[in-house]
Amino acid sequence: MRIISIFLLLLLFTASAVYNAAAGKSYYDILQISKSATDDQIKRAYRKLALKFHPDKNPGNEEATKKFAEINNAYEVLVDREKRGIYDQYGEEGLKQNAANGGRGGGGGGFDIFSQFFGGGMRFGDDEEEDRIPKGDDVVVEIYATLEDLYMGNSYKIWREKNVLKPASGKRKCNCKNKVSHRQVGPGMYQQYTQQVCQECPNVKFEREGLSIDVDIERGMQDGQEIVFYEDGEPIVDGEPGDLKFVIRTQPHVRFQRDGNNLHTTVTISLLDALVGFKKDMKHLDGHLVAVGTTKITKPKEVRRFPGEGMPVFEKNKKGDLFVMFEVAFPSSLTDSQKNVIKQTLGS
């Protein structure tokens, strides 16, 4: 019985991995948070996105309605520790299996979740509370990836130093707001003025801390594509941290040039091979061999296409094409006998 249980667990894990690889955005990506996000960060992210994409604020916008449903589904799972643990380990398939076995399944509460979160009240003005929360600066780092890593995928370990808010002695003014007041300056005459009203909070200070970050380069990522670690940028007092963004830059390759999902390369053959045909295997980025030979005549600068031998398409189970241009290496000189043979063979 124990062996069967272990087998089913492994089967579930494998199925989940395949499902998640093909499913596109994860729940964390939908809420724009990191996998280490706290409950407060999850709730803040949900509030901001739910208000932004609520159907009542976007009438007739099917894309917003779909996005709103995704946000609710992701929030219902990630805010529940049991569901979040199952999702982190086994993905959405694990949540379905858990629900089938009598546990609590995935999300899907939609408006019920929204009503519970906001207490049944909704306000969609331009002065929403979330819009007034300041945000720290984004940190943008360029990461230079090899074409091999963009073809096969890889993980880079990067050292990151950043400011961290720490408690400090004393008090400080916080949550300051401008309050509009009126005062009488004469009979029937009033003057409007603005004064700043603040609360008193424990003091804080910035300290520099370092940590190691694993940045996953996924198969098929494009040059200029961003890998975002939400709320891992520069912090700000009484606000939300900015984001940490890694921008993919492709290192030049000695043999291949990338054009979107396609690859281009050049192969040099002899004049004899160009005339009579040839057999040739070319080593690809992951080491597998591609047969580029032919039995036909090859003209100088001729380009041939090899379907499905290009770059992987990001988050899809297909590849672009490989285009090979053939250069013909002519001999530097010929003997008289060689010239006569060529004349007899090719002459009219």
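When I call a residue partly exposed, I mean that its relative accessible area lies between the two cut-offs, since buried means under 20% and exposed means over 50%. Please also keep in mind that what you see is a predicted model.

With that in hand, let us start with Lys48, which has a relative accessible area of 34% and is therefore partly exposed. Its side chain meets that of Glu240 in a salt bridge, with 3.3 Å from N to O. Where in the chain do the two partners of this pair sit? Lys48 belongs to helix α3, which covers residues 39–53, while Glu240 is in the loop between β4 and β5, so that the pair links distant parts of the chain, 192 residues apart. Is Glu240 buried or exposed? Glu240 counts as buried, because its relative accessibility is 6% and the cut-off for buried is under 20%.

One joins Glu209 to Lys166, with the closest N and O atoms 3.0 Å apart. This pair, too, links distant parts of the chain, as Glu209 lies in strand β3 and Lys166 in strand β2 (residues 154–186), 43 residues apart. Glu209 is partly exposed at 34%, and Lys166 is partly exposed at 26%. The other joins the side chains of Glu76 and Lys83, at 3.3 Å from N to O, and here Lys83 is buried, with a relative accessible area of 7%.

Let us now turn to the inside. Which residues touch the most other members of the largest nonpolar core? Of its 32 residues, they are Val215, Ile217, Ile227 and Leu322. Several elements give two or more residues to this core, among them β1 (139–145), α7 (147–152), β3 and β4, but the largest share, four residues, comes from β11.

Finally, on the surface, Asp29, Asp216, Glu218 and Glu315 gather in a patch of negative charge. Of these, Glu218 is found in the loop between β3 (189–217) and β4 (226–229), and Glu218 is partly exposed, with a relative accessible area of 39%.

Key: Residues are numbered from 1 along each chain as its sequence is written. This is a predicted model: local features need pLDDT of at least 70, side-chain atom pairs count only at pLDDT 80 or more; totals for chains, interfaces and linings use all residues. Side-chain values use heavy atoms; hydrogens and water are left out. Patches are made of residues with over 30% relative accessible area and no salt bridge: like charges are joined within 9 Å, nonpolar side chains (Val, Leu, Ile, Met, Phe, Trp, Tyr) within 5 Å. Accessible areas come from the Shrake-Rupley method with a 1.4 Å probe; for residues, only the protein chains shown count as cover. A salt bridge is a side-chain nitrogen of Lys or Arg within 4 Å of a carboxyl oxygen of Asp or Glu. Lys and Arg count as positive and Asp and Glu as negative; His and the chain ends are not counted. The place of a charge is taken as NZ of Lys, CZ of Arg, CG of Asp or CD of Glu. Buried means under 20% relative accessible area, exposed over 50%, partly exposed in between (1.4 Å probe, protein chains only). A nonpolar core is a set of buried Ala, Val, Leu, Ile, Met, Phe, Trp, Tyr and Cys residues joined through side-chain atoms within 4.5 Å.
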